[in-house]
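Subject: Structure for your files

Hello,

Here is the structure we talked about passing on. My notes follow below it.

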Amino acid sequence: FPNTYKISKNFTIANMTGGEPFLIQKQLPGNAFGKARILTVAQTVENMAYLAENVLEVIYGIYGPAAMTSRGGGKPGGVWQINSGLRLNGSPTSEHNEGMAVDLRPANNKSQDTFDMAKNLVSALKFNNFLLEYRSPPATAGWQRWIHISYRVTGNTTHYATYLNDK
């Protein structure tokens with residue numbers, strides 16, 4: 001699958017990978033939810049397509065196109081951006097590893113706008129996990145904030161929470 005492959009009307013694989021060649025077959029470790037298994041490239045693309053159609057397209061309908069980011073994709077002047085989608089080296093249990101999760105935020109990265117966006121989206125979306133996340137600043141940077149949203153093909157739990165420093 002090329003990075004230009006459309007996974008929904010307005011999103012491509014590049015929007016989820018930042019243009020990086022992350023589409024590889026992976027061995028996923030076992031966890032509390034199941035045994036270790038192989039995740040094929042086709043399964044990853046299918047997961048990203050469901051996420052794009054059921055989450056990102058709804059956000060696009062509310063806020064318009066995503067902003068340009070260093071990850072690739074997006075439009076100049078967009079009011080929201082994708083920070084992270086598919087990952088290779090995340091936590092072994094992360095839904096990002098399977099193409100089922102995205103981290104996003106308002107393009108201006110203001111705390112109140114992030115909170116307002118989360119408040120609007122939690123009632124507008126179907127999801128598995130919806131996390132408003134904050135990370136306290138290291139000495140050289142300001143607060144980090146983002147919204148983590150995951151979507152599963154089946155079995156969404158509609159779990160939502162606010163996390164500070166990953167807890």
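Two strands are taken to pair if DSSP finds at least two bridges between them. Please keep in mind that this is a predicted model.

Strand β3 (residues 80–84) and strand β4 pair in the antiparallel sense, over four bridges. Within that pairing, isoleucine 82 stands opposite leucine 104 of β4. Strand β4 is also joined to strand β6 (residues 144–150) by four bridges, and these two run antiparallel. There, alanine 101 has serine 150 in β6 as its bridge partner. Strand β4 spans residues 101–106 and is mostly covered, with five of its six residues buried.

Helix α2 (residues 41–63) has a kink of about 40°, centred on alanine 52. Alanine 52 is one of the buried residues of α2, which also include Met48, Leu51, Val55 and Leu56. Just after the helix, glycine 64 has a positive phi of about 85°.

On the aromatic side, the whole structure holds four aromatic pairs. One of them is phenylalanine 11 with tryptophan 80, a tilted pair at 6.2 Å centre to centre with 55° between the planes. The two residues are 69 apart in the chain: phenylalanine 11 lies in the segment before α1 (13–17), and tryptophan 80 in strand β3. Both phenylalanine 11 and tryptophan 80 are buried. Ring pairs also bring in Tyr60, giving a cluster of Phe11, Tyr60 and Trp80.

Phenylalanine 127 and phenylalanine 130 have ring centres 5.4 Å apart and planes at 50°, so that pair is tilted. Phenylalanine 127 counts as buried at 2% relative accessibility, as does phenylalanine 130 at 3%.

Regards

Notes: Residues are numbered from 1 along each chain as its sequence is written. This is a predicted model: local features need pLDDT of at least 70, side-chain atom pairs count only at pLDDT 80 or more; totals for chains, interfaces and linings use all residues. Side-chain values use heavy atoms; hydrogens and water are left out. Buried means under 20% relative accessible area, exposed over 50%, partly exposed in between (1.4 Å probe, protein chains only). The bend at a residue is the angle between axes fitted to the seven residues ending there and the seven starting there. Rings of Phe, Tyr and Trp (its six-membered ring) pair if their centres lie within 6.5 Å; planes under 30 degrees apart count as stacked, over 60 as edge-to-face and the rest as tilted.
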